[in-house]
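Hello,

Here is the structure you asked about. Please open it and keep it beside this email.

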Amino acid sequence: QVQLVESGGGLVQPGGSLTLSCVVSGRAVRIGAMGWYRQAPGKERELVASITRGVTTNYADSVKGRATVSRDNAKNTVYLQMSSLNPEDTAVYYCYADVGQIYWGQGTQVTVAS
């Protein structure tokens, strides 16, 4: 069984920054693409950023220039660094990993408010 566990969410003031982490554990697997989605109340889940095993990245237009996705293959971990946060970034952030099928984390709440 493959499990993804996120950490790093919480309350952040507007203009602040945060780093989310997601560790993939379970049976030994080769992880392909990893990344992050988010879902705000009343909205559909949307892609925030993704990174291939070959470290090609892709970002949503809404976070370009403010977000950096990275991974540590030795630690089976994907990170999301975001800066200049605004209330529109408030959402539950979910990480995912492609290990032949897509697995999801349980989600971590990020709230941007003063």
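Below are notes on the whole chain, then on one residue.

This is a predicted model: local features need pLDDT of at least 70, side-chain atom pairs count only at pLDDT 80 or more, and totals for chains, interfaces and linings use all residues. Residues are numbered from 1 along each chain as its sequence is written, and side-chain values use heavy atoms, without hydrogens and water.

The whole protein

The protein has 11 strands and zero helices. Both are DSSP runs, numbered from the N terminus: strands are E, at least two residues, and helices are H or I, at least four. The C-alpha trace spans about 40 × 25 × 25 Å along its principal axes. Buried residues make up 40% of the 114 residues. Buried means under 20% relative accessible area, exposed over 50%, and partly exposed in between (1.4 Å probe, protein chains only). Take the contacts with a separation of 6 or more: 52% of them join residues 24 or more positions apart. Contact means heavy atoms within 4.5 Å.

Glutamine 39

Glutamine 39 is in strand E4, residues 34-39. Is glutamine 39 buried or partly exposed? It counts as partly exposed, because its relative accessibility is 29%. Leaving aside neighbours within four places in sequence, glutamine 39 is in contact with Glu44, Arg45, Ala91, Val92 and Tyr94. Tyrosine 94 is 55 residues away along the chain, yet the two C-alpha atoms are separated by 8.1 Å. The side chain of glutamine 39 also reaches the backbone oxygen of lysine 43 at 3.1 Å.

Best wishes

Technical notes. A polar contact is a pair of N or O atoms within 3.5 Å; within protein, one must be able to donate a hydrogen and the other to accept it, and residues adjacent in sequence count only if both atoms are side-chain atoms.
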